[in-house]
Structures are given as C-alpha cells and as structure tokens.
Amino acid sequence: MSSVAVLTQESFNEHRSGLQPEKGAAGAGAGEEEDALPTYKDAFPPLPEKMASPEGSQDTTNAWNKIRPLKSSIITQVFHVPLEERKYKDINQFGEGDQAKVCVDIMHKTGAHLELSLAKDQGLSIMVSGKLDAVMKARKEIVSRLQTQASSTVAIPKEHHRFVIGKNGEKLQELELKTATKIQIPRPDDPSNQIKISGTKEGLEKAKHEILLISAEQDKRAVERVNIDKVFHPFITGAFNKVVQEMSQETGARINVPPPSVNKTEIVITGEKEQVALAVALIKKVAEEKKKNATTIAVEVKKSQHKYVIGPKGNTLQEILDKTGVSVEIPPSDSSSETVILRGEPDRLGQALTEVYAKANSYTVSSVTAPSWLHRFIIGKKGQNLAKITQQMPKVHIEFTEGEDKITLEGPTKDVQMVQGQIEVIVTDLVNRMDYTEISVDPKFHRHLIGKGGVNINRIKELHKVTVRIPPDNEKSNLIRIEGDPQGVQEAKKELLELASRMENERTKDLIIEQRFHRAIIGQKGEKIKEVRDKFPEVIINFPDPAQKSDIVQLRGPRNEVEKCAKFMQKIVAEMVENSFSVSVPIFKQFHRNIIGKGGSNIKKIREETNTRIDLPAENSNSEMIVITGKKANCEAARNRILAIQKELANISEIEVSIPSKLHNSLIGSKGRFVRSIMEECGGVHIHFPTEGSGIDKVTIRGPAEEVEKAKQQLLALAEEKQTKSHTAELRAKPEYHKFLIGKGGGNIRKVRDSTGARIIFPTADDKDQELITVIGTEEAVQEAQKELEELIRSLDNVIEDTMIVDPKHHRYFVARRGQVLRDLADEYGGVMVSFPRTGAQSEKVTLKGAKECVEAAKKRMQEIVEDLDAQVTMECVIPQKFHRSIMGPKGSRIQQITRDHSVQIKFPEREDPQAAPPAEAPVQENGEANGEVKEPVDPNAPKKCDVIVLSGRKERCEAAVEALKALVPVTIEVEVPFELHRYIIGQKGSGIRKMMEEFEVNIQVPAPEQQSDKIAITGLANHLDRAKEGLLERVKELQAEQEDRARRSYKLTITVDPKYHPKIIGRKGAVITNIRTEHDVNIQFPEKNDENQDQITITGYEDKAIAARGAIQAIVDELEEMISENITLDSRVHARIIGARGKGIRKIMDEFKVDLRFPQSGAADPNLVTVTGRPELVDEAIDHLLNLEEEYLADVVENEAKMAYMRPPGGSAATSDEQRGQSNKGFVVREAPWATSEKAPDMSSSEDFPSFGAPVPTKSSPWGPKRF
C-alpha cells in the first residue's frame, strides 16, 4: 500500500530551517566542504601527449590508443590463367573479340575494375580492383568464363550435406566465391551422396578440401535424445534454468529442454561425443534421484487463484522451486480441474504448501454494483477520476465491462477493500445527483441535430450541462441518450424534441445538376456557395461526394426558402449551360502559331472580343482541333474568325455539300472510320458534319482546292451508294498482309476499287481489331471486291520458296543498318522473308520465302534495287563547311527528307578544326622529286575536303539532290536599323532576338556595340528572309513609336508648396498622392531631406496630364491654407485614452470633425500641449469635444491613482529576496583551475615572454597542457 505526503508552507519552512547550519558549524565545515570539491584535472582530464613520459609508458589502457586505423575498402587481387587453361587462345585477337567482351560484361555485372596483360608464356594475368565482395564475384566470373572448366565429385555422408549448404544457403555461396567453383548438392529426396564440383583444377582441389573438412568436423559431433518424464523437467532445468546452465558449462554440450507449455518428454543434447555422453549421464542421474526421493501432495486451489500461484511469466513458480526445491504443477487453463500438485523432498513439501497458499490468498477479486451508463462518469474525462484511485493503489486492477451493471476489482486484499469503498461512495453520489433519459428521433434527422461541425449539439450540451449520445450512422438506431443533471436532462430533452418536430415539418428537395457544374457552383475554397448560403441561411445545401458521380444536390429547410433557393440555383446552372457550349475547329497544324500570333496577341484578341475560352492542342500532339467554349453565338463568331485567318494564310478552299441528314451517321461510320478513310486518302482535308439531330443537310469540306474536289466526289459517291442499295461485308487478313493488299501509294487497292466500284476500309492503328477489313458499296460490287480480296489473301497464305541471283558486292547494302532494307521489304510485301548467304560464303544465291505474289513482287523490287546499285554514280557537291549544320536541319531532318525524296545516299565530310595548325611545309626537293617520285603540284583553286559533300545514286537523282542541297544554303541580307534601337531588339538576356529567330527560322546577327554600325545581318533560307526582314522592320516601327511616346511622357514641371503641407498632400500611407498619380497617370516626386529646394514638388508625364495633376495639388494646398491651428492644454495623463489602441480613438475624432490633431512627443517642453488644425468652425467643435473627454477621463485617472497608493508593496522586499537567492547560486566550482593560479606580471625584459623576430623561443609550460598545431 502506497502513501502520499502533503508538504505545507509551515513544514517547508521548518524543513529549510533545519537544513541551515549554525554559524560556528559552518566555519568548522568550510575546509571539509572545500576538500570535497573536485580538482580541475578530475573534472576535465587532459588529452594524452604525443610522446609518452617514461612513467606513463606502461599505461596501455588509454582509450586514445585503442582507436584502430582506418583501412581502405578498395582491394586489388591478381589472378593468373595458364595458356593450357585459357578458353580464348587466339593470340592475334588479344584486347578485342569475345575475350574483351566477356571482361566488359564482368565489369558491368560486378562493379569491379579489370586489367588484362599477357605473360611471356602466353598465360593471362588479370588484375581486379574494387570492394571485397565485388572482387570475389569478379573472380568467380573470370574462372567460369575465361578459364576452361573441369569437374569432379566428392562423397560425404548425406546427413552432412546440410552443413555444407549452411543457413539459407549462405555457407554454399561463401564456398563458391572463395574457391571460384560451382558446387551442386543432390536434392534431399535424391539418395546419392555425391557432391559435384566444376571449375578450375586449383579451385576443385580447394573446394574438395573445404567440403571434406566440414564433413570431418561433423563426424566429431553427436546428437542424443533422452526421454524423461515431463514432471521431472523442472528439477533438470532448476529454478530460473540455473541447473541446466551449470550442466552445459560443466560438460560443454548444448542441452535443449522443452518449455512447460510444450507437451514433449524428449530432451535433446548436442555437442562433441564425449561432452554429450557426460551430459546425458548427469541428466539421468538427476532424474533417477528425484524418482527415488520425491513424493507428491495434491491440494485444491480456486481456479481464479491459479494465476497468482503462477505469477508473471511463471516467476512465482520459479521462486517456490528456488526456495524449497519443490515443483508446483498447475493444471492447464483450458482444464476445469482445481487440483494443484506439489512434487519434491518430503521435508520441503510443508514449506512449499505454505508458499502456495500465501500466494493464492495474497490477491482477491471483488465487484461493485454500478449502472453501466454511469461507468464513464466514474472513469472521468480521459480517465482522470480513475487515475486518482489507481495512483494510490497501483496494484489494484479495475475492469469495466460494457453493458454490465458492475465493476470488477482485482488485487491485494487490503487494497481491493479500500478501492471498493472509494468507488461505492462515488457511485452513490452519482446516482443521487445524475439522471438519464432516452428519446426516439428518426436517424435521417440526426446530423441536422448535430449541426455543422457539431455547433447545435455542443450548444445544448454547454447550456444544460448534459452529455448527449447520438448513435453513429452505421448503427441505424433511433435512440438518443441524454445524461447529466436531472433538470438539465429534461430541458435538453424538450429542446431536442422541438428541433426534431420542426425538422419533420421541413421540406427536402433534390435538384438535378450535372456533376461537371458542381465545382463551378461551389467556387474556389467554397466562395460562391457561401454567397448562396448567406442569401438563404435557413436552407442546408448538400452536394454529393465527387467519387459517387451523382448529379443530385439536396436542399433542406423551410418550404418557401427551399423553393426560392432552388430557383436561384437553377438560374445559375442555366447561365453555366449557356456559357459551356463547345465547338471544335479543325485547323491545319502549320497555321496554329499564326492563329496564336506574336506573343499570343491574335488569340488573346479573339478571346477578349468574343468572350470565349479557346484551347489549342499541345505542340507535340498530332491533333489539329482547336476547341472553343462559351455562349453558342460567341463560339460561332470565334470559329469564323479563326477560319478566316487560315483562309488568308493558304490556298484553302471550303465548299458545302448537301447530303440528307439521315445518311450522316452511316457516312461517318463506327468511331468515324468511313469519313476518316476519305480524309486520309484526300490529303488530310477536314470534313465537318452538322450536330446530330439538327436536321441540317449541309456537310462542309475544307482543305487544298484539288483535294476538296476529290473528297467531294468520294463523299457524294458513298452517299449515293448508301441511299440506293448500300451493302457492307467484312473479311479478315493478317495485319502484315495489309500493306501488300493496299500496294505502293494505294495502287493495288485502287485497282480493286476501280474494277468493282466498292469502297475498302482498312483498320487504323487505334482500332482494337487489327485484322478486320470492311467493304462498302452495292451488293454486286461488294461481292466482287470481297471475292478478289479473298483470292489475294488465299494466295498470300500459300507460302512458297524461291531464289534469285544477287552479286555479292551488293549484299552489304541489303543487310546494312541491321537489315533495314530487308525489314522495309517485309513490311511492304506481306512479311516475305529474304535470306542472304553468310559472310565469306562467296555465294550469289538469295532465298525468298512467303506468299507467291509477295515473293514475286519482292523479287521484282530487289532486282530494281540491284539495277539502281549497278547504275549508281558518285557525285560531289561543294558547299562551305560553315553551312553544313544549317543544311542538315534539326536532328538531320532536312537531309533525311532529301535522301527519301530522291533515293540517294548523302555523306558529309569530317569537320575541320579551324584552330588546328596548318601542316608543316615539306622540305624543298630538287627537280620536284621526293624519294624518286614526281609530286604533282597542289591546285590552289581545288575545294577543301571539309567542303565536299558526296552523293551516291542514279545520275539524274543525284543531280536533283544536288540542286535541293544548294537550295538549302543560307543567304545573308543586311537590314538598316538605327544603332540606338539594337539593345531593344536584342531584349532582356537576348529574349527578343531569340524569339524572332525562332518565329522566322533565320539567324539574326547584331553588330558589336563598339562598331556603332546600323547594319543587322539576317541569314537563312531565301524564302524565309523576306518574312524575317518585314518582321524586323515592323519591330523597328514599334520601338520608334515607343521612343516617341517616352519623349512625350517625360514632360516635367514643378510646383512650389510649403513643406508643412507635404504630409497632407501625401496622405495617410500615401493614399492621397497615389490617387493623384493613378488618376492622372503621372509621376510625382517630393524633395529629399538634403535637397536645397524643400518646397519644390516635381511632376513628370504627358503635358496635359501633368498640368491637371498640378491643378489637383494646388486645390489641396488652397484648402489647407484656409485652415487654422490652435493649441490647447490637455492633461498628459489622458492622452493615451484619447489616442486609443493603435490610434483608433484619435482617428475617429479626426474623421468625425475633419481636423488634424498633433500630440506632444516624449520629452517635449510642455507635455500637455495639443495642436488642433482645420477649418475654424470645425476646430472649435473638436476642442470642445476634447475638453469634455479630458474631464471624463481625468476623474477615472484620479480614482485609479488613489487605489494604487494602497496597493504598493513595502520597499526593499524585492531586493532582499534577490540577495537571498544570489547567496545560494554558486554555480559549478572546481579546485586548482588554471585561472586560479597566481601568476606574476609579465617581465618586459624577458626574451621568453617577449621574443624578438627570428629568435628561437623555448617552450613555455601552460596550465592547459602543451600546444598542438
């Protein structure tokens, strides 16, 4: 039982006075107290010196000497592979070929660094560097991949295999790494005892040796299992396992006794054979002795008291065994038996029995009757009430069971009785002053009773001092429980029932609003819905969770208010629907940036003037659609303006075709398949159908004039077919056949279409079914086309093999670039396979395998390629190297286009380093001879190698490609731009000129500032230069207009104003002057503190606006000059009251009377003097008001001062207490500190204290130890 001591003020004073020593005693104990202080060296031990003293040389235990030096984590090992064991013996390929590839692969895999060298005996030396595990892994890889492998077997007993493997295979992995071998151990179900090892000879021997060592070690070990009755196990283990531990230490064997909870009698002993035998003998001896001498007695102990006999984690049983040597056997917890058996020496059983009963009766279980609804009041908020009891009686366990009217207590008998009494008193008190009631309210009203954020229910709780439990939604219960003071419970019940009845009379209305509008109605951070709620405060508006994807918005409240709110919200939604009309406009991708305009000017203007939102696709997107959102009329206006821009920029034709609206869906096809096939076939024209259900027959076709006409004919033909006898058929073909069926440039499919009149549609890359081909037309045409296509597909399925002769010199062309030409042939001709003979075979025969038609077509195409190669010529095109990069284009796009268009190969020369030194002049040879050979003179007009571009292909194609290359050579023109405008054209950090270069695809070169030149050079393709020049000149015009505007804006005038009026013109926080600046668009500058003309105000801006601003300032000055200033005397004690918190009071007076008040600053000659400035009549009124306030506030001030006179503490008490506190605060004190040693004043004549420059200085001992640098 614990007790609490209460410390009162009297007992504390008595205690402290007892601690204060008498003066005499204090004097006597001063020396002892000083001796008790630690020395400086004890508190702060010095670091060891570099050179240990002779006396300290024996001190090897110093912690500083124990620090181990750091070692590098990188190691290097050298491995040698003899010539006869090398896997790759080709001496000519050292440093290349397969051996080098293997080494690179090993480095990537392991992270180690490898260096190879060849010894004189042609053996291979490999130096491996890296971390230890990386080096070991690399070694294993080297042995397995660079060294020839041998294999061997070793036989060890099957039961030893698991020791070779180790835990989780760790031992086996370690062995393999250590010996650089591969070790294969037979599976447990395999009867074989042979372990297979593969690796180098040296590794095999090492691995065999290690495995035999493991086996030999296990031969020495033994495992023994002894069956001993479970009842004698406690005597073998002993109390707290003391006996079994002593046995293990004595014998060196490991003894495993099953725990009491495991019903096993087998004790396992492992270790060396002799150790195991000795341990078994000791265990049997103990068991035999106990069998002879031990007797048992059985006693009855209540089941509920068993746990007290067992104790925490069985400690009590162990204590009884330790004290008496008697084992106590407790029946298992799932057994109903109450019999406890004691086993041991007869003379010890009595003592053990006493211990058992003492432990069993030391604890008791009791219960207190208390209504379950009172339990939480007994526990208190966050368990505060219960904590008071448990702190006093920590050994008592108090348990509250939900739904039961009782509290269970468990613990020491005396403590339980005291706790029971305390809880009974609490329960009686609560029953007398607490009451509860339950009311039934429909669950749908529960959340309305609670209110938003619990506002309603919290108000009721605080007002009536009750607790209200409303069941959670998942319980679906009607009962609401109210607990607390009887009167408060009745009042809360009445209010809740009134609220519920009022809600039953309320109206709930569901509004259907599309979920896409919910976020817009709610607004950012709920701002818009807050306005609606403020307008209809009695209506509760509930939006569905976004995850539910529901369109229902619920309104709840008084009938009339709900109706008004519903109409208001429907009006908001109608406006949103009107503004959310959307239309997509297809615009050719190349014109998007023209629609955006310079700096977004065009698109911004269209958006503002039509009040629409216009979204363009991303630059990297293939989409051409521009989406316009807003009111329908506005969207149409924006659409027309965008189309007009496109029409101006290109030869775009637009026609309308009349097709009955009932045919539109069938013409569009599933997911737009039919109309898309027409658009793709006709060069990407745009076909726009009217919206479904509009009844409009007009279909718009837009694009290049020729393609538009072509699309029109196809669309009308398809419409006619649909209108007469439209028929559709589907057939399937492997996707790789599609290209062959379509043919080059659509030739094959066009033949079928022309001969049959049917339309054939192939799947696009986006379609799921890639095999489906659709045929549309009249029934006869479809059947005929279907028949032709099926014959083609059947012939494609008929695989044949054919050969052709190709000169070996052309083989490389076909297989180069990883067989790109062959892959293109396979794609184009139905997946035909072309096989060339192996390199070096010197065979001309090429094999083709595939469908008959595909093979024939591929064969024909290959013959054309061979003819082209035979007829191939090489042509040179000289273009200066500086233009090469420009000709290539971004990522070589331009040169790739020329290669594709003209079917030629183009090779650019290596770049020449302009900074490289020219080759040294050759020595002069007589008669122009060198080494007996006549050297041809170098032609000075010959082109440089770095300027020559080589083209290969047919002659006519090479000539066309040369012309195309020359057309790409950039041209330079000069544009005259005034020098002073150059920096504006360049822009901030070059942004302006960079933007122009990107927009016009040219390079613009601005001369250096020191040249003072007006010429700007533009370099680019001839067709880009005119646009760039126009753009540059337009920018010059803009800049000149800006310059003129700046000159007009820089008009300056001054106005003379007395400095005392400046603060009034500026206004509070600059409000007045800011207003003048904004209104007249001028800059107004007041004089600095150090300026000579303190009365001059400067105004800068347009002339007319500057004059208007001067007039506004003059008007303020005229008004201020009419004002007067009067001084009045106000008691300084009331100044703070008049000014108010943060000047609130004084501002109110100044605003009310339109005057200015100036209170004296601290330290002023007359602290009571206040200045009032304003119009005469307003000044008088303000003074009267201030004097009235002074009279009112002064009465309060006098009264407060009188009160404070009686409340002042007696002087000196604070100082005394500070002195008393200071006496006891000595801080941390040490003896013999360096600063406490008395040192003499430094000797000025001493060369040691004041050494001269360059003179040797003897080391001076310091209390801080030797200096370290």
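**Salt bridges and a charged patch in a predicted model**

R1035 makes a salt bridge with E1038, and their closest N and O atoms are 3.3 Å apart. Both residues sit in helix α41, residues 1022-1049, three residues apart, which is about one turn of the helix. E1038 counts as partly exposed, at 31% relative accessibility. Before I go on, please keep in mind that this is a predicted model.

Now the overall picture. The protein has 1269 residues, and 34% of them count as buried. It contains 48 helices and 47 strands. Take the contacts between residues at least 6 apart in sequence: 69% of these join residues at least 24 apart. The accessible surface comes to about 82300 Å², and carbon and sulfur atoms account for 50% of that.

Back to the salt bridges. How many does a search of the whole structure find? The count is 31.

One of them pairs E563 with K509, with the closest N and O atoms 3.4 Å apart. E563 belongs to helix α24, residues 559-579, and K509 to strand β19, residues 507-512, so this pair ties together parts that are 54 residues apart in sequence. E563 is partly exposed, with a relative accessibility of 26%.

Another joins the side chains of D802 and K859, at 3.1 Å from N to O. Here D802 is in strand β31, residues 799-805, while K859 is in helix α35, residues 852-870, so the pair links parts 57 residues apart in sequence. Are D802 and K859 buried or exposed? Both are buried.

There is also a network of salt bridges, which links D105, E141 and R145.

Next, the surface. R1068, K1069, K1144, R1147 and K1148 gather there in a patch of positive charge. Of these I will pick out R1147, which lies in helix α46, residues 1144-1153. Its relative accessible area is 31%, so R1147 is classed as partly exposed.

Last, a residue from another helix. E956 is found in helix α38, which covers residues 955-967. At 48% relative accessibility, E956 is partly exposed; the cut-off for exposed is over 50%. How far apart in space are E956 and V873? From C-alpha to C-alpha the distance is 9.6 Å, while in sequence E956 and V873 are 83 residues apart.

To recap the two pairs that join a strand to a helix: E563 with K509 ties parts 54 residues apart in sequence, and D802 with K859 ties parts 57 residues apart. That is what I have for today.

Key:
Residues numbered from 1 in each chain as written. Predicted model: local features only at pLDDT ≥ 70, side-chain atom pairs only at ≥ 80, totals over all residues. Heavy atoms only, no water. Helix = DSSP H or I, 4+ residues; strand = E, 2+ residues; numbered from the N terminus. Buried < 20%, exposed > 50% of the residue type's maximum accessible area, 1.4 Å probe, protein only. Contact = heavy atoms within 4.5 Å. Areas by Shrake-Rupley, 256 points an atom, 1.4 Å probe, with all protein chains shown as cover. Patch = residues over 30% accessible without salt bridge, like charges linked within 9 Å, V, L, I, M, F, W, Y side chains within 5 Å. Salt bridge = Lys/Arg side-chain N within 4 Å of Asp/Glu carboxyl O. Lys, Arg positive; Asp, Glu negative; His and termini not counted. Charge placed at Lys NZ, Arg CZ, Asp CG, Glu CD.
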